[in-house]
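Thank you all for coming; I would like to take a few minutes to walk through one model.

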Amino acid sequence: MKVKELAGAPSLAKLYAKALQPRGEGEILPDTEYVRPEIRIDPAHLAAYNRICGFRLGDELPPTYPHMSAFPLQMALMTEPEFPFPLLGMVHVANRITQHRPIGLGETCALRVRAENLRPHEKGTQFDMLSELSTKDGPVWTEVSTYLRRGEGAGPAARGGQPTAPAPTAIWRLPADIGRRYAEVSGDRNPIHLHPLTARLFGFSSAIAHGMWTKARALAAFEGRLGDSFTVDVRFKRPVPLPSTVAFTSWRTGDGWAFELWRARKPVPHLEGVIAAAKPPLRPGR
């Protein structure tokens, strides 16, 4: 595997400009891993992230916060000439995060990002972006982000009956500018999140919320109840239009929690997720 070591975070503005350039498509993921050997957290940035996502201010990172460091490396890899798909138009369909232990604000960690597991999907082709944050003692946080490249699928889409929305635990009113406000913190200025006019260029009738904002906002509802080590696995069902009113519901499972996000006035599912105890990470050489 080819390793590319970076001293700092790539510029997302430059990467989005690079993503606009015409390119062909391929069939093989690059055998490349991006590495940042030293990640340090800016307290002001962490505070801004906590406020926009609904977390309390504190000295430990929310489980979704390391995605802020991983996403620029994912973007850098997905805009490489040898990457098989153009970045714009890809859909983030699932995200699984494992926190092996809390990460303190003052800790220094190394970050690694690579792509793997290219496979067919009923609506095209999907693959995983794997991110790992570690200290000298081993991994402390891992993420699997699954992306879909729409196209000719592997078979007919599964058909189900009319979904029934569960009774809500809470109702959230999302303002029209939440996409722009999250973009300011995350750097993810994908045009589908910023304004109805730019979203329409990609087939959306309005701007839509970032999937990772909706996941973070859902996890903020569990703050103080999850313990030190857990896995949060989410499926992004349908985009959340902005502005909108959504219904959040959660319930206990055998060893954790399950939760869903729905449109408040229609049986339209936006997100479903589960939280469970994490398995211990494998040590190098095991």
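The largest cavity is lined by Ile39, Ile41, Leu61, Pro66, Ser69, Ile103, Glu107, Cys109 and Leu133, where a cavity is a set of points, on a 1 Å grid over the protein atoms alone, at which a 1.4 Å probe fits but cannot get out, and lining residues have an atom within 4 Å of a point. Please keep in mind that this is a predicted model, in which local features need pLDDT of at least 70 and side-chain atom pairs count only at pLDDT 80 or more, while totals for chains, interfaces and linings use all residues. Residues are numbered from 1 along each chain as its sequence is written, and side-chain values use heavy atoms, with hydrogens and water left out.

The volume of this largest cavity is about 60 Å³, and the structure holds 1 cavity of 30 Å³ or more. By class, its lining has 7 nonpolar, 1 polar and 1 charged residues.

Turning to helix α2, residues 43-53, we find Leu46, Ala47, Tyr49, Asn50, Ile52 and Cys53 buried, that is, under 20% relative accessible area with a 1.4 Å probe, protein chains only. What covers them includes α3, α4 (178-186) and α6 (211-220). After α2 comes Gly54, with a positive phi near 95 degrees.

Note on methods:
Buried < 20%, exposed > 50% of the residue type's maximum accessible area, 1.4 Å probe, protein only. Helix = DSSP H or I, 4+ residues; strand = E, 2+ residues; numbered from the N terminus. Contact = heavy atoms within 4.5 Å. 1 Å grid on protein atoms, 1.4 Å probe; cavity = no way out; pocket = protein on both sides within 12 Å on 5 of 7 lines; lining within 4 Å. Points joined across faces, edges and corners; volume = space filled by probe spheres on them. Nonpolar A, V, L, I, M, F, W, Y, C, P; charged D, E, K, R; others polar.
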